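Biologist: I am new to this structure and would like to learn how to read its features one at a time. Could you take me through them slowly, with the general idea ahead of each case?

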Amino acid sequence: MRPRIDTLLERADSLLGRLEHLLPGPAAAPDWQAAAAFRFRRRGRTHVLEPVRQTSKIRLGQLIEIEAQKERLVRNTEQFVAGRMANNVLLTGARGTGKSSLIKAVLNEFAPRGLRLIEVDKADLVELPDLIDLVAGRPERFVVFCDDLSFDEGEPGYKALKSVLDGGVAQAGENLLVYATSNRRHLLPEYMKDNLGYRHTDDGEVHPGEVVEEKVSLSERFGLWLSFYPFAQDEYLAIVAQWLRAYGIDEPRIAAAQKESLVWALERGSRSGRVAQQFARDFAGRSGG
């Protein structure tokens with residue numbers, strides 16, 4: 001009987017050894033001085049941190065008409081880099097209004113003081129605990145950047161992110177925050193049927209059902225919410241002028257370009273900052289700027 005048990009144990013050890021080669025391994029630490037921004041990506045059976053050699057050069061001064069949001073994010077990041085208490089941040093609202101650009105500009109502002117950005121796709125959020133372990137104890141300050149974040153029902157990354165933000169077993173250390181952008185505040189799709197769970201009490205109060213509570217629970221775990229709104233016409237024109245100046249266009253041509261920029265926005269169906277920049281690039285290119 002004993003030889004048979006030994007044989008089974010040997011086979012089990014051999015099987016576990018083969019399985020270890022199939023399981024994804026932990027990401028190796030990169031040279032944190034090689035870049036200010038990194039991408040956390042799956043490569044084969046493991047994850048790697050790839051330095052981003054060419055990052056956006058956008059500066060805070062180039063972003064206008066979002067002064068309130070800019071001031072709050074800069075203040076939060078200043079606290080974080082200085083080693084003081086700071087919050088995870090959720091930037092939500094209309095597309096093309098500067099959410100992602102603001103985070104990139106903040107990185108450029110604070111990278112000389114040790115800020116590092118790690119971009120993580122939502123499919124890789126399940127590996128967040130490993131990433132937290134990797135940066136634990138490092139002197140740099142890390143922002144995990146999740147761009148255009150939203151989840152469908154049952155996606156595993158949702159619970160992983162929720163656990164990290166909520167201070168679970170894999171709680172982020174003091175040197176890591178999450179900055180996420182999204183076009184919708186609650187990050188999960190909302191349906192009319194979800195409202196059927198609302199209940200009314202005798203005193204007139206309204207209480208959401210469990211489905212609604214679950215859908216707002218993730219966004220509530222971000223300590224700071226920054227909301228972005230569609231630009232009015234004068235705000236859009238100011239952004240167009242800002243970009244045209246950045247591309248070397250003089251003031252008379254900027255004034256002459258106003259009407260054309262409004263037509264451009266009408267054709268695109270949006271007066272966003274992104275559309276303003278796209279017009280400015282086209283105009284500067286045609287003008288030899």
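Predicted model: local features only at pLDDT ≥ 70, side-chain atom pairs only at ≥ 80, totals over all residues.

Biologist: Let us begin with charged side chains; how many salt bridges does the structure hold?

Modeller: The general idea is that side chains of opposite charge can pair when their charged atoms come close. In this structure there are 12 salt bridges, and one of them joins the side chains of Arg59 and Glu109 at 3.9 Å, N to O.

Biologist: Which parts of the chain does that pair link?

Modeller: The pair links distant parts of the chain, for Arg59 sits in the loop between β2 (46-51) and α2 (67-81), while Glu109 belongs to helix α3 (residues 99-110), and the two are 50 residues apart.

Biologist: Where do Glu67 and Lys70 lie, and how many residues apart are they?

Modeller: Both Glu67 and Lys70 lie in helix α2, 3 residues apart, which is about one turn of the helix, and their side chains meet in a salt bridge of 3.4 Å, N to O.

Biologist: Is Lys70 buried or exposed?

Modeller: To read such a value, recall that buried means under 20% relative accessible area. Lys70 has a relative accessibility of 11%, so Lys70 counts as buried, whereas Glu67, at 46%, counts as partly exposed.

Biologist: What can be said of Arg253 and Asp250?

Modeller: The side chains of Arg253 and Asp250 also form a salt bridge, with 3.4 Å from N to O. Arg253 is partly exposed because its relative accessibility is 29%, and Asp250 is partly exposed at 37%.

Biologist: Which residues are linked in a network of salt bridges?

Modeller: Here the network of salt bridges links Arg39, Arg41, Glu119 and Asp121.

Biologist: Turning to the strands, which strands pair with β4, and in what sense?

Modeller: Strand pairing is read by asking which strands are partners, in which sense they pair, and which residues stand opposite each other. Strand β1 (residues 37-43) pairs with β4 in the parallel sense over 4 bridges, and within that pairing Phe38 stands opposite Ile118 in β4. Strand β5 (residues 141-146) also pairs with β4 in the parallel sense, over 5 bridges, with Leu117 opposite Val143 in β5.

Biologist: Why is strand β4 described as largely enclosed by the rest of the structure?

Modeller: The reason lies in its residues: strand β4 (residues 115-120) has 6 of them and 5 are buried, so the strand is largely enclosed by the rest of the structure.

Biologist: And where does Leu176 lie?

Modeller: Leu176 lies in strand β6, and with a relative accessibility of 5% this residue counts as buried. Leu176 and Val144 are 32 residues apart in sequence, yet their C-alpha atoms are 7.2 Å apart in space.

Biologist: What volume has the largest pocket, and which residues are closest to its centre?

Modeller: The largest pocket has a volume of about 410 Å³. It is lined by 23 residues, of which Gly96, Thr97, Gly98, Ser101 and Arg274 are the closest to its centre. The elements that give two or more residues to the lining of this pocket are α3, β6 (176-182), α7 (233-246) and α10 (273-286). The lining of the largest pocket divides into 7 nonpolar, 11 polar and 5 charged residues.

Key
Residues numbered from 1 in each chain as written. Heavy atoms only, no water. Salt bridge = Lys/Arg side-chain N within 4 Å of Asp/Glu carboxyl O. Buried < 20%, exposed > 50% of the residue type's maximum accessible area, 1.4 Å probe, protein only. 1 Å grid on protein atoms, 1.4 Å probe; cavity = no way out; pocket = protein on both sides within 12 Å on 5 of 7 lines; lining within 4 Å. Points joined across faces, edges and corners; volume = space filled by probe spheres on them. Nonpolar A, V, L, I, M, F, W, Y, C, P; charged D, E, K, R; others polar. Pairing = 2+ DSSP bridges.
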